[in-house]
Amino acid sequence: MVDNYDAATVEAVGKVTEALETIERARGHLYSFHQLTGSADLTLGTAVEKLEKAGHPDWARRISEELIGLNVLPDRWTFQVVEEYDDGYYKSCRDFERELLAALTDGRRHLHEQQMKDDRRTHGRPGHEAGAPSTPPPAS
């Protein structure tokens with residue numbers, strides 16, 4: 001138990017935070033998808049120039065007309081996918097986790113990990129100090 005929060009609540013809230021951390025990772029992959037797709041589109045532009053210089057204007061034209069600027073999803077470029085994810089699913093999950101923390105742990109984050117650190121460290125050993133919590137307990 002961390003600072004008088006019951007263990008079951010700390011564990012349950014920890015699972016919601018763990019899920020949000022996974023969502024954060026998914027978001028990072030989505031940004032990678034966005035940047036990699038944009039980079040590929042720009043590389044296709046370079047390929048068009050090289051095909052033209054190599055005497056293949058028909059292939060250059062096809063890439064330019066058929067692939068460059070092509071929507072990745074119906075009516076969507078990757079920046080639109082990222083924005084919709086950020087403003088929808090991601091924001092909903094992030095806001096929910098913050099609301100849950102405010103209601104059940106006084107806004108304190110990572111209590112489960114704080115308890116795990118306390119359980120796993122060697123008390124009194126240098127380099128194993130508890131340190132201050134990332135979010136201090138509420139003022140009494």
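Biologist: Where in the chain is confidence lowest, and where is it highest?
Modeller: This is a predicted model, and its confidence is lowest in H4, with a mean of 88. The highest is in helix H2, residues 57–67, at 98.

Biologist: And what's the mean pLDDT of the chain?
Modeller: The chain has a mean pLDDT of 93, with 95% of its residues at 70 or more.

Biologist: OK, new topic. How many cavities of 30 Å³ or more are there?
Modeller: The count comes to one. The largest cavity has a volume of about 60 Å³.

Biologist: Which residues are closest to its centre?
Modeller: Val13, Gly14, His110, Leu111 and His112 are the closest, out of 13 residues that line the largest cavity.

Biologist: Which helices each supply at least two residues of that lining?
Modeller: Helix H1, which runs 7–53, and helix H4, at 111–120. The largest share comes from H1, with five residues.

Biologist: How does the lining divide into nonpolar, polar and charged?
Modeller: For the largest cavity, six lining residues are polar, four are nonpolar and three are charged.

Biologist: Switching to Asp86 now. Which helix is Asp86 in?
Modeller: Asp86 sits in helix H3, residues 78–104.

Biologist: Buried or exposed, and why?
Modeller: Asp86 counts as buried because its relative accessibility is 14%, and the cut-off for buried is under 20%.

Biologist: What does Asp86 touch, leaving out residues up to four places away in sequence?
Modeller: With those left out, Asp86 touches Arg27, Tyr31 and Lys91.

Note on methods
Residues numbered from 1 in each chain as written. Predicted model: local features only at pLDDT ≥ 70, side-chain atom pairs only at ≥ 80, totals over all residues. Heavy atoms only, no water. 1 Å grid on protein atoms, 1.4 Å probe; cavity = no way out; pocket = protein on both sides within 12 Å on 5 of 7 lines; lining within 4 Å. Points joined across faces, edges and corners; volume = space filled by probe spheres on them. Helix = DSSP H or I, 4+ residues; strand = E, 2+ residues; numbered from the N terminus. Nonpolar A, V, L, I, M, F, W, Y, C, P; charged D, E, K, R; others polar. Buried < 20%, exposed > 50% of the residue type's maximum accessible area, 1.4 Å probe, protein only. Contact = heavy atoms within 4.5 Å. pLDDT = per-residue confidence, 0-100.
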